[in-house]
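Please read the points below with the model open beside them. They go from the whole chain to single residues.

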Amino acid sequence: MGKQQKRDRSNLIVLTGAAALLAIAVNFAISAINSKHRKKKEIPGSNVRVNLTASEILKLAESIIKKSKQVHDAVASVPLDKVAYVNVILPLADLEAQQFPLIQSCVFPKWLSASEDVRKASAEAERKIDAHISMCRKREDIYRVVKALTVTGDGLSTDAKNFTHFLVREFERNGVNLTLSKKEELQRLTANIDELSMQYIHNLDDDCSFLLFTDMELEGLPPEFLKLQGNRLILGCGNFMLRQKLIMKLLSITISKKKKKKKRKKKKRKDNQWHHVVVYMYRLTMACLRKCRGRPKKYWGEVIRHDMLLLQLTEDMTHDRKVWRSRIKVSLEKSKDGKRKIILKSHQISPVLELCKVGSTRRAVSISYGRRCEANVTILEKLIQLRHKLARLLGFANYADYATDVRMAKSSSKVFEFLESLSASLNDLAYRELSMVKALKKKEEGECPFGMEDLPYYVKRVKDQQFHMNFGVIKQYFPINLVLSGIFKICQDLFGLDFKEVEGAEVWHPDVQLFSTSDLSSKGLVGYFYLDLYSRVGKYAHTCVVALQNGLLNNGSRQIPVALLVSQFEKKVDGHPGLLQFPEVVNLFHEFGHVIHHICNCASFAKFSGLRLDPDFVEIPALLMENWCYESLSLRLISGFHQDITKPIKDELCKSLKKWRCSFSALKLKQEIFYCLFDQIIHSTENVDISGLFKHLYPKVMVGLPLLEGINPASCFPRTAIGYEATCYSHIWSEVFAADIFALKFHDDIFNLQAGLQFRNKVLAPGGGKDPIEMLSEFLGRDPSIQAFLDSISGTN
């Protein structure tokens with residue numbers, strides 16, 4: 001883009017952002033006025049069903065299972081000498097394409113419905129459907145028929161061959177090809193692994209260890225943190241009944257205060273704030289109760305831990321202290337000798353390590369935090385042994401090779417090569433960063449040795465001195481609607497897409513919106529997505545994207561993809577439009593990247609469409625989108641001071657945000673690499689001395705920084721226990737590829753439509769039907785490289 005074009009774009013940004021917001025506001029107003037007088041209309045191309053009753057969900061689930069069984073039985077009855085694409089692959093592929101939106105229609109209400117009966121029915125439907133699908137994936141009769149087709153070939157297309165081989169691999173990873181005795185052993189191993197994994201997490205959730213400190217020993221922590229930790233303390237610990245008692249007590253206080261409301265009119269605003277927060281906490285607790293009802297107690301901790309962290313008090317404290325002052329004020333629990341109690345949970349430990357000025361306190365907290373749940377070390381050792389047995393049973397040398405076989409990396413050796421190369425390339429920058437924080441500690445504390453417990457505090461101190469970032473002020477430039485309109489504009493300019501709200505669409509809550517996406521050039525429909533952005537009682541607690549209907553392109557006809565973006569933003573605060581913290585802005589861009597990825601899919605099979613991709617690849621488009629949160633042109637497009645949206649964020653602040661992003665990235669990344677290497681080593685080698693491995697590996701990766709004596713992080717590293725075993729590397733892997741794409745294709749022109757369309761057509765459209773490395777290499781015009789990522793974190797890009 002020429003300089004004059006860039007100048008013109010910059011001059012128009014304020015008007016564009018304001019106009020977009022005004023247009024959305026007018027559209028919202030008109031929609032609200034007419035909503036009561038219009039009939040809910042059908043959505044062309046969408047088979048997603050919303051607002052199903054509890055009985056309708058259960059009936060639909062039964063019909064899904066019945067139809068699936070009929071098709072699978074028909075495929076299983078095909079003689080092995082008669083197998084063909086039309087009687088084996090086509091029926092299975094059509095079944096998946098047709099049933100996926102129906103399955104999702106049964107399942108997604110459990111996250112979002114306001115009705116408890118509907119949520120219960122949805123959870124029950126999911127349980128039945130999951131059990132049926134699991135059974136189908138282990139049907140030996142289906143496996144024999146599909147396997148026979150791989151032998152004959154039957155003139156299958158490339159996509160059909162990929163689909164067939166995918167099915168065979170899925171069957172074999174479930175042990176369908178094993179002998180009866182080995183199948184039974186596999187079943188026992190799987191059950192034991194699941195039980196131990198949950199025990200590991202259960203131990204962490206139940207642990208309520210704490211330390212006692214005087215106020216002097218907690219110097220540096222804001223008063224708001226100490227006052228409000230009383231609530232956070234109980235919300236964060238493992239005892240569910242303590243939470244419930246606290247909520248009920250606060251609720252009773254609120255009710256008594258409301259009785260005095262008329263006598264104290266001046267206190268009205270304060271009483272309302274108190275009531276709002278307490279009722280929110282109470283409802284959150286009741287939502288946890290509903291989710292836990294009927295489930296074994298060992299699952300409760302995980303449910304509660306996720307839901308209770310919605311309060312995000314620690315983030316509010318560091319970014320916007322005014323929010324803290326409006327919350328409930330209860331003193332931190334004290335012991336008999338007057339010391340304050342700090343429970344060893346991350347939401348309390350992180351602020352202490354980042355803000356406490358007292359080195360001995362930080363050290364004591366780090367040691368105790370690293371010694372939690374020592375029984376988990378034995379559990380992890382047993383888990384690793386069982387995983388290696390499972391992998392060998394399925395034909396792999398070790399569990400790491402089993403886990404990576406279905407990913408871009410393909411093997412554990414490739415992961416080691418990637419991590420070790422990246423770590424070595426970061427050494428020089430990590431040394432420089434470590435020298436800076438060591439120098440600051442020496443200046444402030446004298447000749448005290450620098451330990452791993454000092455990193456969070458001094459990294460934050462140096463960054464604060466360098467950037468003076470006030471995220472409370474930054475937040476005021478990001479009204480939700482303006483950010484959203486800016487995202488639409490960026491994706492329009494970048495990918496040639498047009499977004500329009502579908503008026504009169506049937507939705508499950510008045511806050512939910514449905515948008516259609518069309519191609520700007522051809523005007524053809526690309527897909528739909530629902531936005532359910534605002535917090536409410538009973539709603540899923542996290543930000544995520546859910547595929548409701550997978551897209552596919554087969555024989556010239558296309559099934560339209562449908563996505564759902566869920567979040568928990570505040571719609572209004574004290575009567576003003578909701579504002580986003582900057583990390584929430586980044587997260588919204590990230591998740592919208594998943595939306596774009598899903599709706600741009602044109603794979604030939606639903607199994608390869610949307611977000612059902614290689615786990616090493618699926619995060620790349622979303623991570624790529626995050627880059628637009630740190631460029632001045634795009635930041636000005638999505639920002640505007642909440643009291644006057646014609647005033648976008650200043651260029652100086654945009655530049656500071658970009659520098660702040662990569663500041664001390666090497667040390668942070670080194671820590672991640674350390675855990676990834678540990679995860680990979682224990683899952684690729686048997687009989688590893690876990691404690692010895694930590695002591696040896698940490699200083700090697702962390703440029704000489706020693707591991708604290710007496711700690712064993714393996715006891716409190718849940719990613720190795722469940723969810724990311726042998727795959728912790730995946731996020732860094734995706735970040736590297738995303739950085740390479742941005743640097744080569746968009747760094748010089750972030751609104752490069754030609755590059756955006758190429759990315760849409762060559763990377764997003766094929767979905768999982770094409771090898772990810774092959775797709776990226778074709779788009780980049782060369783093999784992917786780690787150099788752009790290294791340049792980005794060093795600030796040279």
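**Notes on the predicted model**

1. Among contacts in the protein between residues at least 6 apart in sequence, 75% join residues at least 24 apart; contact means heavy atoms within 4.5 Å. The model is predicted, so local features need pLDDT of at least 70 and side-chain atom pairs count only at pLDDT 80 or more, while totals for chains, interfaces and linings use all residues. Residues are numbered from 1 along each chain as its sequence is written, and side-chain values use heavy atoms, with hydrogens and water left out.

2. The protein has 34 helices and 11 strands. These are DSSP runs numbered from the N terminus: helices are H or I of at least four residues, strands E of at least two. Of the 797 residues, 53% count as buried. Buried means under 20% relative accessible area, exposed means over 50%, and partly exposed is in between, with a 1.4 Å probe and protein chains only.

3. An open sheet holds 5 strands in the order β3-β4-β5-β9-β6, with mixed pairing. Its edge strands are β3 (497-501) and β6 (544-549), each of which pairs on one side only. Two strands pair if DSSP finds at least two bridges between them. On average, neighbouring strands of this sheet are turned by 25° against each other, direction ignored. Axes here are lines fitted to C-alpha atoms, for helices over the stretch in contact, and angles run from 0 to 180 degrees between N-to-C directions.

4. Strand β5 deserves a separate look. With β9 (residues 562-569), strand β5 (residues 525-534) pairs in the parallel sense over 6 bridges. Y530 stands opposite L564 in β9, and D532 stands opposite V566 in β9. β4 and β5 run antiparallel and are joined by 6 bridges, with T517 opposite G527 in β5. The two strands β4 and β5 form a hairpin with 5 residues between them, and K523 in the turn has a positive phi of about 70°. Is β5 mostly covered or mostly uncovered? It is mostly covered, as 9 of the 10 residues of β5 are buried.

5. The largest nonpolar core has 150 residues, of which L422, L455, F478, F529, F582, F592 and I596 touch the most other members. Helix α28 (residues 665-682) gives the most to this core, with 10 residues. A nonpolar core is a set of buried Ala, Val, Leu, Ile, Met, Phe, Trp, Tyr and Cys residues joined through side-chain atoms within 4.5 Å. In soluble globular proteins, nonpolar side chains tend to be buried together. Leaving aside its neighbours within four places in sequence, F592 is in contact with I487, F488, C491, F499, F529 and L565. Another core lies apart from the largest one; it has 26 residues, among them V83, L95, L149 and F171.

6. L667 is found in helix α28 and is buried, with a relative accessible area of 4%. Beyond its neighbours within four places in sequence, L667 is in contact with A430, E433, L434, L455 and M702. From C-alpha to C-alpha, L667 and V701 are 9.7 Å apart in space, and they are 34 residues apart in sequence.

7. Two helix pairs can be checked by eye. The axes of α15 (residues 346-355) and α21 (residues 455-467) come within 6 Å and cross at roughly 60°. α15 and α21 are therefore oblique to each other; angles under 35 degrees count as roughly parallel, over 145 as roughly antiparallel, 65 to 115 as roughly perpendicular and the rest as oblique. L353, E354 and L355 of α15 and P456, Y457 and K460 of α21 make the contact. Helix α6 (residues 140-152) and helix α7 (residues 158-173) pack at about 140°, with their axes 9 Å apart, and are therefore also oblique. Residues of α6 including I142, Y143 and V146 meet residues of α7 including T164, H165 and L167.

8. Which residues have a positive phi without being glycine? N51 has a phi of about 60°, lies in the loop between α1 (3-34) and α2 (54-76), and is partly exposed at 39% relative accessible area. H468 has a phi near 50°, lies in the loop between α21 and α22 (471-475), and is exposed at 64%.
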